[in-house]
Amino acid sequence: MYKICIVEDEKSIRDELSEFLGNSGYEVSAVKDFKNAKEEILSFGADLILMDINIPFMNGEQLLAELRKVIDTPVIMVTSKNSEVDEVLSMSYGADDYITKPYNPTILLLRIAAVLKRYNKQGSGSSAPEYNGFTVNYAKGSLSDGSREMILTKNEMIIFEILMERRGEIVSRDMIMTKLWDSEEYINDNALTVNISRLRAKLQELGIPDAIETRKKQGYVLR
C-alpha cells in the first residue's frame, strides 16, 4: 500500500482528500503543524507528497526546494492558479507533476498512479535512459549531461517520453493527444503544436537541433 502525505492547510479540503485517497487504497497522512512541515513530512516516510503551493509560513515551492535537498520522494503540486509560470517554477524546484484546483478526482488518481509508475521505473535499478548524451529522468522531468540540466514541463516530458518509446518511428498526433487527454491545455491541435515547438526549442538549446521531425499528415519522429 502506497503512503501519500497531504500538505494542505484548508481543513475541509484536507479531510476530503484524506477520505478519498484512503477509500482509493492509499495510506494517508496529513501535515497539520505547518511551522514544522518539513520535519513532519520527513517523519511520515511517504511514497508520494501532494502539496498545495499556497500554505502558511513557507510556500509550497520553498518547502519543495528544502525537501529536495534531502529526499527525492515524488511530489505533485496543487494550486488554484492555472499559470504556466507556476508550473515551470514548480518543476524547476523538483516537482514531478502539477494539477490545478478544482480537480477531477478521477484525474487526480490517474496523475498519482502515473507519477508512482514513472518513479518506480526510474528507481528500479535499471540504467537510466539516455538521449544524445543526456540522461533522461522521467520522474524529475529533466535531461542532464552532468553539467547542464534542462527541466521540461509535465506535458513536454509526456510528449518526449512517447517519442522516446518509439524513437525513429512515426508517432501520430492522435496518439499524443490520447496520452494527454486529461490536460485542459490540450483541447485543440494548436496547443499541441505550440508545446512540440517549445520542446524542440529546449532540445536545440541543449545542442540537439532538428531533434523532432514533422511528417506532414502523419505525425512526429524523434531522431
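A: What follows starts with the whole chain, moves to the open sheet and the helix packed on it, and ends with some neighbouring topics.

This is a predicted model, in which local features need pLDDT of at least 70 and side-chain atom pairs count only at pLDDT 80 or more, while totals for chains, interfaces and linings use all residues. Residues are numbered from 1 along each chain as its sequence is written, and side-chain values use heavy atoms, with hydrogens and water left out.

The protein chain has eight helices and 11 strands. Helices (H or I, at least four residues) and strands (E, at least two) are DSSP runs, numbered from the N terminus. Of the 223 residues in the chain, 45% are buried. Buried means under 20% relative accessible area, exposed over 50%, and partly exposed in between, with a 1.4 Å probe and protein chains only. The accessible surface of the chain comes to about 11200 Å², and carbon and sulfur atoms account for 49% of this. Such areas come from the Shrake-Rupley method with a 1.4 Å probe, and for residues only the protein chains shown count as cover. Among contacts between residues at least 6 apart in sequence, 55% join residues at least 24 apart. Contact means heavy atoms within 4.5 Å.

Now the sheet. Five strands form an open sheet with parallel pairing, in the order β2-β1-β3-β4-β5. At its edges are β2 (27-30) and β5 (97-100), each of which pairs on one side only. From one strand to the next, the twist averages 20°. Two strands pair if DSSP finds at least two bridges between them. Strand β1 (residues 3-7) and strand β3 (residues 48-52) run parallel and are joined by four bridges. As one example, C5 has I49 in β3 as its bridge partner.

Helix α2 (residues 37-44) packs on this sheet and touches β1, β2 and β3, and its direction makes about 170° with that of β1. For such angles, axes are lines fitted to C-alpha atoms, for helices over the stretch in contact, and the values run from 0 to 180 degrees between N-to-C directions. Within α2, the residues A37, E40 and I41 are buried. They lie on the same side of α2, because they cover an arc of only 100° around the axis. The arc is that of the directions from the helix axis to the C-beta atoms. The cover over the buried residues of α2 includes β1, β2, β3 and α3 (60-67). Just after α2 comes G45, with a positive phi of about 65°.

V7 is found in strand β1 and is buried, with a relative accessible area of 0%. Leaving aside neighbours within four places in sequence, V7 is in contact with V31, F34, I41, I49, L50, M51, D52, I55 and L63. V7 and A30 are 23 residues apart in sequence, yet their C-alpha atoms are 6.1 Å apart in space. S29 is found in strand β2. At 10% relative accessibility, S29 counts as buried. Apart from neighbours within four places in sequence, its contacts are K3, I4, C5, I6 and F44.

β6 and β7 pair in the antiparallel sense over two bridges, and E130 has T135 in β7 as its bridge partner. These two strands form a hairpin with two residues between them, and N132 in the turn has a positive phi of about 50°. Strand β7 (residues 134-137) has a covered face, F134 and V136, and an uncovered one, T135 and N137. β7 also pairs in the antiparallel sense with strand β8 (residues 142-144), over three bridges, and V136 has L143 in β8 as its partner. The hairpin of β7 and β8 has four residues between the strands, and G141 in it takes a positive phi near 80°.

Y131 and F160 pair edge-to-face, with 5.5 Å from centre to centre and 80° between the planes. Rings of Phe, Tyr and Trp (its six-membered ring) pair if their centres lie within 6.5 Å, and planes under 30 degrees apart count as stacked, over 60 as edge-to-face and the rest as tilted. Y131 lies in strand β6 (residues 130-131) and F160 in helix α6 (residues 154-165), so the pair ties together parts that are 29 residues apart in sequence. Both Y131 and F160 are buried.
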